[in-house]
Amino acid sequence: MEIAGSIFVLIGSLIFFLSSLGVIRMPDVYNRIQTGTKATTLGTIFVLVGLAFLSPDWTAKLAVLLVFILLTNPVSSHVVARAAHFNKEPMSPLTIEDKLEAKEEEA
Amino acid sequence: MKFKAAVISLILGLLIWLGLNGTIGRDVLITGIVVTVITSFFFIGTGIFTDVRLTPKALFALVAWLVVFLIELIKSNIDVMSRVVTPKVRINPAIVEVKTRLKSKLGRLALANSITLTPGTLTTDIEGDTLFIHWIDASDVDIEGATRKIVGKFEKYLEVIFG
C-alpha cells in the first residue's frame, strides 16, 4: 500500500519536473502553456491517487479535489492563452499559421 | 423542466459536501441537506443544466467519454514529455480553426476543456461554433482536416450527453 502510494507520488513529481523543464525550453508563451497545463493536470492526478493509497480515509476528499482541478485547469490556461493573444504576444517564428490573427484583422 | 437545474445542483452539492466530509454521520447529512436545499433554491428557473440529458444512453456516453479522455490525457503527456526531453525542441505550432456540431454552451465548454487537455492542442478562443486552437504540431491547417483530427474523438460522446 505504502509502496504503491509512494510510486504514484514519485511519478507525479517526475511529471511536474518535466513540465517545468518544458516551460523553460519552449520558445513562446503558447507552447509554454501547452506543457504547463497538460503535465500539471496529470501530475496532480498521480500525486492525489498516491495520497489516496497512503491515507485511504481521504479518498473522497481527494476525488472532489481531482474533479475541481480537471474542471478549472483547462479554463485558466485557456484564459491566459486568450489574453496573451489579445495582447499581441509574439509567437515563435516556427509558427506556420494563425487563423485567429486573420479573423481579428477582419473584425 | 423548471426544477431540473435545482435538482442537479442539489445532488452535486450534496455529493461534494459528503466527499469533503468523508463520513455519512447523522449531523453531517442533516447539515448538508439543509444547506444544499437552500442553495439549490436559487437555481430554480436558471438554464445552467437544461442541456444535460439524463437518459441511460447519456450516462453510458459519459463513461465512454471519461475513458477516452483519460487515455488521451496520458497520451498527450507522453507526447509533450518526449518533445521536452529531446535535445532539439521539435515543434510545428499553428493556430487552427475548427467547427463543432454541439449546440449547447455546456457541451462546448466540455469540448474546449477536453481539447485543452489532449495531445498538443490548446483552445485559445471560441466564437459561436468556431473554436480557435493552438496546435503544437499542426499537421493539417484547413478547417475540415483539423476538425476531424481534433474534435472528432470527443464530439460523438458529448453530442449524446449535451446535444
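The model is predicted: local features need pLDDT of at least 70, side-chain atom pairs count only at pLDDT 80 or more, and totals for chains, interfaces and linings use all residues. Residues are numbered from 1 along each chain as its sequence is written, chains are lettered from A and ligands numbered from 1 in the order in which they are written, and side-chain values use heavy atoms, with hydrogens and water left out.

**View 1. Chain A is built from 4 helices and 0 strands.** Helices (H or I, at least four residues) and strands (E, at least two) are DSSP runs, numbered from the N terminus. The elements of chain A follow the order α-α-α-α from the N terminus on. Of the 107 residues in chain A, 39% are buried; buried means under 20% relative accessible area, exposed over 50%, and partly exposed in between, with a 1.4 Å probe and protein chains only. Chain A has an accessible surface of about 5800 Å², and carbon and sulfur atoms account for 72% of this area. Accessible areas come from the Shrake-Rupley method with a 1.4 Å probe, and for residues only the protein chains shown count as cover. Among the contacts in chain A with a separation of 6 or more, 68% join residues 24 or more positions apart, where contact means heavy atoms within 4.5 Å.

**View 2. Helix α2 (residues 29–54) of chain A packs with helix α3 (residues 56–85) of chain B.** Two packed helices are described by the angle between their axes and the distance between the axes. Here the angle is about 125° and the axes are 9 Å apart, which makes α2(A) oblique to α3(B). Axes are lines fitted to C-alpha atoms, for helices over the stretch in contact, and angles run from 0 to 180 degrees between N-to-C directions. Angles under 35 degrees count as roughly parallel, over 145 as roughly antiparallel, 65 to 115 as roughly perpendicular and the rest as oblique. The crossing of α2(A) and α3(B) is left-handed, a term that applies if the near helix is turned anticlockwise from the far one by less than a right angle, with right-handed used if clockwise. From α2(A), Thr35(A), Lys38(A), Ala39(A), Leu42(A) and Ile45(A) meet residues of α3(B) that include Leu73(B), Ile74(B), Ser76(B) and Asn77(B). The contact of α2(A) with α3(B) comprises 8 nonpolar, 3 polar and 1 charged residues. In this classification Ala, Val, Leu, Ile, Met, Phe, Trp, Tyr, Cys and Pro count as nonpolar, Asp, Glu, Lys and Arg as charged, and the others, Gly among them, as polar.

**View 3. Helix α1 of chain A crosses α3(B) at roughly 55°.** The axes of α1(A) and α3(B) come within 9 Å, and the two helices are oblique to each other. Their crossing is left-handed. Ile15(A), Leu18(A), Leu21(A), Gly22(A) and Arg25(A) of α1(A) make the contact with Asn77(B), Met81(B), Val84(B) and Val85(B) of α3(B). By class, this contact has 6 nonpolar, 2 polar and 1 charged residues. Ile3(A) also has its place in helix α1 (residues 2–25) of chain A and is exposed, at a relative accessible area of 64%. Leu10(A) is likewise exposed, at 61%. The C-alpha atoms of Leu10(A) and Ala52(A) are separated by 14 Å, and those of Ile3(A) and Ala83(A) by 43 Å.

**View 4. Thr41(A) lies in helix α2 of chain A.** With 0% relative accessibility, Thr41(A) counts as buried. Beyond its neighbours within four places in sequence, Thr41(A) is in contact with Leu70(A) and Asn73(A) of chain A and with Leu117(B) of chain B.

View 5. Thr116(B) is buried, with a relative accessible area of 1%. Neighbours within four places in sequence aside, its contacts include Thr37(A), Lys38(A), Pro74(A) and Ser77(A) from chain A, and Thr121(B) from chain B. Thr116(B) and Leu12(B), 104 residues apart in sequence, are 24 Å apart in space, C-alpha to C-alpha.

**View 6. Gly19(B) belongs to helix α1 (residues 4–21) of chain B.** The relative accessible area of Gly19(B) is 8%, and the residue is buried. Leaving aside neighbours within four places in sequence, Gly19(B) is in contact with Ala60(A), Lys61(A) and Val64(A). Between the C-alpha atoms of Gly19(B) and Arg108(B), 89 residues apart along the chain, the separation is 27 Å.
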